[in-house]
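Hi,

Have a look at it first, then read on.

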Amino acid sequence: MKIREKSSSFKYLSKLSGLSVVTAKPKDVPSSPVGSTSPEMDPGIWSRLPPELLDHVLSFLPLRTCFNLRSTCKHFDSLLYSPSFVSKHSDSSFSSFLLLAHPQCFRQLPLYDSAHGTWRSLPLSVSVSLPSGIPSTALVSTANGLVCFSLRNSCSFVVCNLLTKSSRLIEFPYHPFAFELLTLVSVPLGYKIFTLFSGSSPVSVLVFDSRDHSWRKFDNFAPILGDNHRQEAACYNGRLYFFTPEPFSIVTFDLENGEWEETDIVMPEDLTFVRLVSDGDRKLYMIGGIGRNGISRSLKLWEFSEQRNWVEIENVPQMICKKFMSICYHNYKHVYCFWHQGTICLCCHTWPEILYYKLSRRTWHWLPKCPSLPERWSCGFRWFSFVPELYASA
């Protein structure tokens, strides 16, 4: 690394670290008396440090700062792929994000930093395998720090780790490939992609396994699932949970052997719609409307207990319920929900705001419209939970 490059890089490093930098040349630096301290850091001194000592100093910075530094020089960028450097940050935590996919935001994805309450943007050119600025590129699922895009023009999916800029291209098993209810599921040492293949008769289940890079087809699809194609499956106890249309019931799918099971779980009375969500294979929740003749008069949240029944844990406040019902106009096929870092997010395909429930505080909140959206926006809002994970392998 050249001295000039190091010098300018460490000016940027000092700014991020809260240090003051003087720009005097090395020969102009006065010698300090023994025992005196100076708050100023000379880039000329930094540039003479051995590389291993520089790496050791950088390892004390927050990992988020290291990611900001990687654009300053090649050496900083290469550090993030060094096992010895990464091992020092194995316990580091990243911000978590709510990620918005919308037809009017195809060049970049708006991100809401839920830890700091700020909006950011993510360019779609983050991966070499992901075409930038192509409307036919659609975000379809996220899990364990990975994001899955559908590339219609190239008849494939691409699974990316946006943190490490790694990706994998997965070709469609059929052409054309009409898929529904696609869900990216994290499994030990990899991930699986579940989807229904509606192009065959009868409908089939297809499962992609990243561990052997193969598709498996299961033709024993029997249950009729709900018509909400925007709701992903809820993963709980190693199985995927779905709901059927009225009369509502719960069916499950085993990802290992491809078997469906109709459960005997008793559902609450007077349900008008149902959505299922899990917190990452530990707890299963259900949110649904209560009413008559297909019109919801209230919203409730249930938790699935060890006794295999639904326990009501929350009744949505009436004012919040009225606003949400006015948003979806009682057209519940536009409603979907997902889990995000201790919160249950309830969304509508036609509305830019999110209604979310914080379980730790037992409170309901609205996440306002993203400021980068144009004043005149159309329907097509798809929100996802995105929690960066350094070791998630695409």
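Predicted model: local features only at pLDDT ≥ 70, side-chain atom pairs only at ≥ 80, totals over all residues.

Which residues form one aromatic cluster? They are F157, F172, Y174, F177, F179, Y191, F197, F208 and W215.

Residues are numbered from 1 along each chain as its sequence is written, and side-chain values use heavy atoms, with hydrogens and water left out.

**Aromatics**

The structure holds 28 aromatic pairs (Phe, Tyr and Trp rings, the six-membered one for Trp, with centres within 6.5 Å; planes under 30 degrees apart are stacked, over 60 edge-to-face, the rest tilted). One of them is F177 with W215, edge-to-face at 6.2 Å centre to centre and 70° between the planes. This pair links distant parts of the chain, 38 residues apart: F177 is in the loop between β9 (166-171) and β10 (179-187), and W215 is in strand β13 (residues 214-218). Strands here are DSSP E runs of at least two residues and helices are H or I runs of at least four, numbered from the N terminus. F177 is buried at 3% relative accessible area, whereas W215 is partly exposed at 22% (buried is under 20%, exposed over 50%, partly exposed in between, with a 1.4 Å probe and protein chains only). F304 and W310 make a tilted pair, 5.2 Å centre to centre with 55° between the planes, and both residues are buried.

Two charges also sit over rings (NZ of Lys or CZ of Arg within 6 Å of the ring centre and within 35 degrees of the ring normal). K323 lies over the face of W366, 4.2 Å from the ring centre, and the charged end of R382 is over the ring of Y336, 5.6 Å from its centre.

**Salt bridges**

How many salt bridges does a search of the whole structure find? It finds 15, counting a side-chain nitrogen of Lys or Arg within 4 Å of a carboxyl oxygen of Asp or Glu. E256 and K192 are joined by one, at 3.0 Å from N to O. E256 lies in the loop between β16 (250-254) and β17 (260-262) and K192 in strand β11 (residues 190-197), so the pair ties together parts 64 residues apart in sequence. K192 is buried, at 3%.

R292 and D270 form another, with their closest N and O atoms 3.0 Å apart. R292 is exposed at 57% and D270 partly exposed at 34%. K283 and E303 meet at 3.8 Å, N to O; K283 is partly exposed at 38%, as is E303 at 21%. Shared partners join K192, D209, R211 and E256 into one salt-bridge network.

**Nonpolar cores**

A core here is a set of buried Ala, Val, Leu, Ile, Met, Phe, Trp, Tyr and Cys residues joined through side-chain atoms within 4.5 Å. The largest has 23 residues, and those with the most contacts inside it include L299, F324, C328 and W364. Its largest share, six residues, comes from α7. C328 touches V335 and C348 (heavy atoms within 4.5 Å), leaving aside residues up to four places away in sequence. A second, separate core of 19 residues includes F172, L184, F197 and A392.

Cheers
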